[in-house]
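Subject: Handover of a two-chain model

Dear colleague,

Please find below the structure that I am passing on to you.

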Amino acid sequence: MKKTLTLTSALALIATGALAAQTDVTIGMQLEPPHLDPTSAAAGAIDQVLYSNVFEGLTRFGPDGTVNAGLAESWDISEDGTTYVFKLRTGVKFHDGTDFEATDVVFSLDRARAEDSTNAQKALFDGIESVEAVDANTVKITLNAPQGNFLFNMAWGDAVIVAPESIDDIKNNPVGTGAFTFADWKQGDSITIARNANYWGTAPALEEATFKFISDPTAAFGAMMAGDVDAFYGYPAPENLAQFEADPRFNVLSGSTEGETILAINNKLEPFNDVRVRKAVSMAIDRQAIIDGAMFGYGTPIGTHFAPHNPDYVDLTGNAPFDPAAAKALLAEAGYPDGFKTTLKLPPPSYARRGGEIIAAQLREIGIETEISNLEWAQWLEQAFRGYDFGLTIVSHTEPMDIGIYARPEYYFQYDNADLQSLIKKLGVESDPNKRTEMLQQAQTIISEDYVNGYLFQLALTSVVDAKLNGIWENAPTQAVDLTGVSWSE
Amino acid sequence: MLRYSLKRLGSLLISLIVASLVIFACIEVVPGDPASFMLGINAQPDTIAALRDELGLNASIYERYVSWISGMLTGDLGTSYTYRSPVTEIVAERLVISLPLAIYALTLTVLVAFPVGVLAATRQGSKTDISVMGATQLGVAIPNFWFAMLMVLVFAINLRWFSAGGFPGWDAGFFAALKALTLPAIALALPQASILARVMRSSLLDTLSEDYIRTARAKGLSKRQALWRHALRNALIPVLTIIGLQFSFLLAGAIIIENVFFLPGLGRLVFQAISQRDLIVVESVVMLLVFAVIVVNFLVDLAYAWVDPRLRSHA
C-alpha cells in the first residue's frame, strides 16, 4: 500500500512538473548597458533591458510603434495644442514602495530639461514651458508652441518617470513602476529582473528574466545551440540564421527597426558640395548587393531617411537607381571625368565594416577611389561626427522619427537648406495628422532629391528565439525587449 | 638573502613608478571623449559639457594624475566614467574570475608539462619522446581560440556536458564555478603546457649531460635517484622563468578565451573600457596588471635564489 502511494505521488509530481509552464527566461544580447539610468545615456542596451520592463513613461510604445497610454490613463489637449493635461493612473507604486504621484512626473521632466541635465535626447523636452502638479493624479504640461509629436516624444525611454528618492543610486539600482523589479547585475555577465508582485497592470507570465551579455558572434551561436540562452535579441551572426531557420527547435524573427542605414556624405566638402557628385555617388550604389553581401539578405532598401514600415513613408528608391554609366556621366558633367579620391570612415558595426568594402568597390567602378579607415566609436565621434573630418561614412541612425536632423546645418553631414529647415519648423508645431503626413512626405522628397546622403537600407532586427517562447517583439519601434507579454507554451 | 630581496624590492618600486607615468601619459593622448561616447549622436553640445563637468574631465592632466596616484595609494581607484561605480569594486568582481582562471590554467599546465617533459627527457630518442615532441609541436601551433570553439562544439553543443560559456558566480557553489572555468582553463593551458613541456625536456637533457650527473651515477646512484636528487632541481631555473611569464600572460592575456566563453574577466573589462573611453578603468586595470607582472617576477627571482644557492651569494 505504502509503495503504491509513493508511486502515485511520484507520478503526480511528474505530472505537475510537466504541466507547469516554465516561468523564467534567459535572453542573450550583444551589448551590456554601461549603467542603468535610461535618462542619461544614449546606449540602446539600457532601454533594451529596462524600457517597459522596469521603467514606464506617461505614454508607451506598442509592438507596432503606436503610442499607447502608459502611466497616464488619459489626456486632454487644449484647442491651441499647447497645454496637455494628463490624468495619471491611481494606485501605482514605485518598486521601493513609495506612491507614484504627479510630483514624480514634475520631478522627472524637470530633471530631464534642467540646465545640468545629462539626458542624451534633451531635444525631446525643448518645447516644454512648464510642468505642474494640479493634484496628486493630474499633471499639466504647457508647451511654448504646439508640438505635433509630443505624446510620441513622451513614450521614449529617455522620458520615463523615475522615483525622486532613488535618483542618487539610479545607475546601479533602478527603481521604476514597471511589471518587473531590478534584481541583480553581475557586471560583464548578466542582469536579472523579477516579477513585480504589486504591479498596477496585468501581471506578466514570467517570474524572472535574465539578460546575458555575449558580445562574440561565435559565442552567441554556441550559447543558443547549447541552450544557455532561450532567445538572442539582435543575433549578431547573420551567416548562421539559415541553420537556425532549418532547426525546429528555434524560430528566427526578422523585423524592422528605426535604423536608417546611410552612406553619409560631407555636404560641405569639395567635391560633395556639388549635388551632381552626390547623385553620382547614390547611383553608383547597388543597394541590393550591399544588403545581400553585408547583411545576408536582411534589410529593406530605402530612398530617403524614413522608416519603410511607417505609414507616411514614400518609396523614393527610384530617385537613385543603380546605374554606373549614368553616374559616370554625371561625374564628368561635374568636372570629374577621371573621378577623385576621398575618405570612407567606418565605425565598428558589421553593417559599416562589411558594407564599406562593398561600397568602396562599387564607387571604384565610377572612378571614385576611397581610402577606408576603420574607427572605434569614440574615434568616429571625435573625427567624423564632431570634427567633420570625413568624405564618406556609414552609420545607422537608430532614433525613431529623426528626419529633423536634416534641419540642423551643424549636424555632421552639414546639410544646409533653408526650405527644409522652415518645413521642419512648421512640422514641429503642426498637429493635424493629414497635414503632418503631407509635410513629412515633402521633407522625405526634398532630402532624397537633394541626394544629401546615400540611402542604403533599413536595418533589420533578427532574433533567434526558442520555438516554445511566445510574445517576443518582432519589430523594434524603440530599442526595447518588452517582456510583459512573453510566456512559454507547454 | 635579505640583501638580495631588498635590492629586488627596490627595482620593483622604480618599475611601478615608471609604469604609472607611462600608462597615464599613453592613455591621456588617446583621442576620444568619454562624455560624447555616452551620449551618442543626438546629444546637444551643452548636455555633453554638463556630463564632462559631472565626470571631472575638465580638471588639468596634472591634477588628474595626482588624484589618481594618491587615490591608488589609499586603495581608492576612483569612479568609472561609464559604470559610475567604484573602480575597485568593478576590478574586484572581475578578479574573482580572472585570478582563479589563471591559477587553474597554470595548475593544469604544470601538472601536464612536468611529467611529460621528464618522461620525454629520460627516454630521449624513444617513440615516447618523438610522440611527445610531435604532440607539443601541435599544441603550440593550434590557436587556442579555435581549440576553445572546438571544445564548445563537442562538449557544450553535442554532448551538453558543459555550458557554452558564462560564469554562474562563486555563490553558485565551488564546483559549479569550477566547472564553468574548466573548458576555458583547458583552452588556455594547452599551448602553455606544450611550451613548458618542451622547455622542461630540453633543460633536463642539458643537466642530465652535466659532469655532476655522471659523478653521481659513478658514486652508485641509480638513474632515477640521480634524476630526482640532482638533475631535476638544476633543470628548474629556466622552467621557473617560463612559469612566471606564463602566469602574467594568463592573467592579462586571456581576453580572447574570455570572449569565446563570454566570461566577465579582466581582459574583457579592459577591452570594453578602451572602446568606451572609460580611461580611469583602463589606467587602473593596466596598472594592476603591471603590478601583478612585477610581483610575479619578484617571486620568481626569490624562487631562483631558493633553487640555486649560488644566486644568493652573488647578489
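The notes below take up each chain, then the core and the contact between the chains.

This is a predicted model, in which local features need pLDDT of at least 70 and side-chain atom pairs count only at pLDDT 80 or more, while totals for chains, interfaces and linings use all residues. Residues are numbered from 1 along each chain as its sequence is written, and chains are lettered from A and ligands numbered from 1 in the order in which they are written.

Chain A

Chain A contains 13 helices and 19 strands; helices (H or I, at least four residues) and strands (E, at least two) are DSSP runs, numbered from the N terminus. Its radius of gyration is 25 Å, close to the 23 Å that the globule rule gives for 490 residues, so chain A is as compact as a globular protein of that length. The radius is taken over C-alpha atoms, and the rule is 2.2 Å times the number of residues to the power 0.38. The C-alpha atoms of chain A fill a box of roughly 95 × 60 × 40 Å along the principal axes. Of the 490 residues in chain A, 48% are buried. A residue is buried if 20 or more other C-beta atoms lie within 10 Å of its own, exposed if 12 or fewer, and partly exposed in between, with C-beta atoms placed from the backbone.

One open sheet in chain A has 4 antiparallel strands in the order β4-β5-β7-β6. Strands count as paired if DSSP finds at least two bridges between them. At the edges are β4 (72–77) and β6 (128–135) of chain A, each pairing on one side only. β4(A) and β5 (83–88) of chain A are joined over 5 bridges, and S74(A) has K87(A) in β5(A) as its bridge partner. Helix α3 (102–113) of chain A lies across β5, β6 and β7 (138–143) of chain A and runs at about 165° to β6(A). Axes here are lines fitted to C-alpha atoms, for helices over the stretch in contact, and angles run from 0 to 180 degrees between N-to-C directions.

Chain B

Chain B has 14 helices and 0 strands. Its C-alpha trace spans about 85 × 55 × 35 Å along the principal axes, and 37% of its 315 residues count as buried.

Core and contact between the chains

The largest nonpolar core has 218 residues, and those with the most contacts inside it include I27(A), A220(A), L39(B) and V285(B). Such a core is a set of buried Ala, Val, Leu, Ile, Met, Phe, Trp, Tyr and Cys residues joined through C-beta atoms within 7 Å. Helix α8 (174–208) of chain B gives the most to this core, with 15 residues.

The contact between the chains takes 38 residues from chain A and 44 residues from chain B; two residues are in contact if their C-beta atoms, placed from the backbone, lie within 7 Å. On the side of chain A that touches chain B, α5 (217–225) and α11 (377–386) of chain A each supply at least two residues, and α11(A) gives the most, with 7 residues.

Helix α11(A) is mostly covered, with 7 of its 10 residues buried. Among these buried residues are W380(A), L381(A) and F385(A). Their cover includes β14 (340–346) and β16 (392–397) of chain A, together with α2 (34–39) and α12 (266–275) of chain B.

With kind regards
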